[in-house]
Amino acid sequence: MTDTLIRPRPPFDFDSTARFFRFTEAEIVDTFEAGAYARALHVGGKLFVVNVRREGTPSRPSLSVSLAPARGVTLKIEEQAVGIARRMFSVEHDLRRFRARVAGDEMMSRLEAEHRGLRLPRWPTLFEALASSILLQQIATSVAWTFRRRFVERFGETVEQAGRIFYAFPTAERVARVEPEELRALGLTNAKAVSIVEAARAICGGALDDAGLEKEDNETVVARLSNLRGVGRWTAEWVLMLYFGRTDVFAAADLFLRGAIAKYYNDGEPMKEREVRAVAAERFGEWGSYAALYLLAGMRSGSVTLKPGRVLSSAVTDAGRGLSARRQARRGLRDET
C-alpha cells in the first residue's frame, strides 16, 4: 500500500505519545525508532506490521501509515489499519480544550506546557487493555512488563519485516483456549492467570462486546468489566482511558495519582479516594484522563515526585477483592469505595 496520511488535531506530539507505549525496555510489542512507530497487529484477520511515521510538526502535524508485507493488503484492510492508528494515537482529541480547562491551575498548566501535544496512548484491542491492566495490578511496572514480555513470547504470533521479527500481542481467541496453569508457568499468580484467561473467554464468548460497551457511559462500563474475576474499578478505569479513550476518567484508586493530588493539591495531607475524585472533577472536569496522563508524564520526566522519595506506582489491586478487609488494610491496599 502507499502511505496514507492522517492529520491529527494540533498540538500533537507524536514522539512523546509513541514513547509512552514503551513503558519499560522490556516492552517487546511496541517499537519506536528514528521517528517511526511500529508493531505487529491483526488487521482483517491477517498479521501485518503497522508502521506509523511522523510527518510535519506538533503545530502542523501529520502521520503516515503503511503496512508490511504489502502483499495481501486490500483497500478494506488499509482503511482498518488507518482507523486503528487513529484510535491508538487519539488523533481526534482537541487538546486546546484541555489547555483552556487547566489554564488557571498552576500545577497542571505547567505540566501541560512541558508535555504539550501528548495524547492518550491507547491499546488496540479490549483484550490487550484488560490483560495488560491485570498484569499491572499490585506490582511495579518493570516487573509487570517482564511478565507481559513472557506472555507475548509464549502466546503471541510473529511476523518479519526487513529482517526483523515483530511480536503481536496474543489474541483473545488464542488465550481462551489455554488453561491458567500455562500462564502460571510464566511466573504469574494464580489470580492473574485466571483473570486473564477468563477475560479472553468472556470476549470470545460474547459476554464482553467492545462495540456495545463503546456506547455505554463510564459507570456502566466499570460495572460490566467488574463482573470479570479479578477486575475492579482501578482496572476498569484504565481500560476506559487507554482503550476506549474516555477523556473524563481520573483513576483515583491509583496510589501514585492519589499521592500526587494529595501532595500538590492538599498540602501533602492524605486523602481518601472519594476526596481525590472530587478534586479531580472540580479542577479537570471532562479532561481528568489527560490530567492523570500528564501527572504520569511528569513522574517519568522527574518533575512530579512524591514523599517519601520512592514514587508509588502500583494500583489498588482488583485481584485483592477476595481478601478480607483486615488483610487489605494491613497491606495498604484497601479500596475506599
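**Helix packing and salt bridges in the predicted model**

Helix 13 and helix 14 cross in a left-handed way, a crossing being left-handed if the near helix is turned anticlockwise from the far one by less than a right angle, and right-handed if clockwise. The model is a predicted one, with local features needing pLDDT of at least 70 and side-chain atom pairs counting only at pLDDT 80 or more, while totals for chains, interfaces and linings use all residues. Residues are numbered from 1 along each chain as its sequence is written, and side-chain values use heavy atoms, with hydrogens and water left out.

Two packed helices are described by the angle between their axes and the distance between the axes. Here the axes of helix 13 (residues 255-265) and helix 14 (residues 273-284) come within 10 Å and cross at roughly 65°. That puts helix 13 roughly perpendicular to helix 14. For the terms, axes are lines fitted to C-alpha atoms, for helices over the stretch in contact, with angles from 0 to 180 degrees between N-to-C directions; roughly perpendicular covers 65 to 115 degrees. Helices are DSSP runs (H or I, at least four residues), numbered from the N terminus. On the helix 13 side, Arg-258, Ile-261 and Tyr-265 make the contact (heavy atoms within 4.5 Å). Helix 14 brings in Glu-273, Val-276, Val-279, Arg-283 and Phe-284. Sorted by class, that's five nonpolar, no polar and three charged residues, where Ala, Val, Leu, Ile, Met, Phe, Trp, Tyr, Cys and Pro count as nonpolar, Asp, Glu, Lys and Arg as charged, and the others, Gly among them, as polar.

Helix 13 also meets helix 15 (residues 288-301), with axes that come within 11 Å and cross at roughly 90°. So helix 13 is roughly perpendicular to helix 15. Phe-256, Leu-257, Ala-260 and Ile-261 of helix 13 touch down on Ala-292, Leu-295, Leu-296 and Met-299 of helix 15. This contact has eight nonpolar residues, and no polar or charged ones.

Turning to charges, side chains of opposite charge can pair when their charged atoms come close. The whole structure holds 25 salt bridges, each a side-chain nitrogen of Lys or Arg within 4 Å of a carboxyl oxygen of Asp or Glu. Glu-219, Arg-233, Glu-237, Arg-258, Glu-273 and Arg-277 are joined in a salt-bridge network. Elsewhere, Arg-22 pairs with Glu-25 at 3.4 Å between the closest N and O atoms; Glu-25 is exposed, at 68% relative accessibility. The cut-offs are under 20% relative accessible area for buried, over 50% for exposed, and in between for partly exposed (1.4 Å probe, protein chains only). Arg-96 and Asp-94 form a salt bridge at 3.1 Å, N to O, with Arg-96 partly exposed at 44% and Asp-94 buried at 14%. In helix 4 (residues 106-114), Glu-114 and Arg-110 sit four residues apart, which means about one helical turn separates them. Their closest N and O atoms are 3.2 Å apart in a salt bridge. Glu-114 is partly exposed at 40%, as is Arg-110 at 33%.

His-115 lies in the loop between helix 4 and helix 5 (126-136) and is buried at 15%. Leaving out residues up to four places away in sequence, His-115 touches Tyr-294, Ala-297, Gly-298 and Ser-301. Val-239, in helix 12 (residues 233-242), is buried at 0% relative accessibility.

Notes. Helix = DSSP H or I, 4+ residues; strand = E, 2+ residues; numbered from the N terminus. Parallel < 35°, antiparallel > 145°, perpendicular 65-115°, else oblique.
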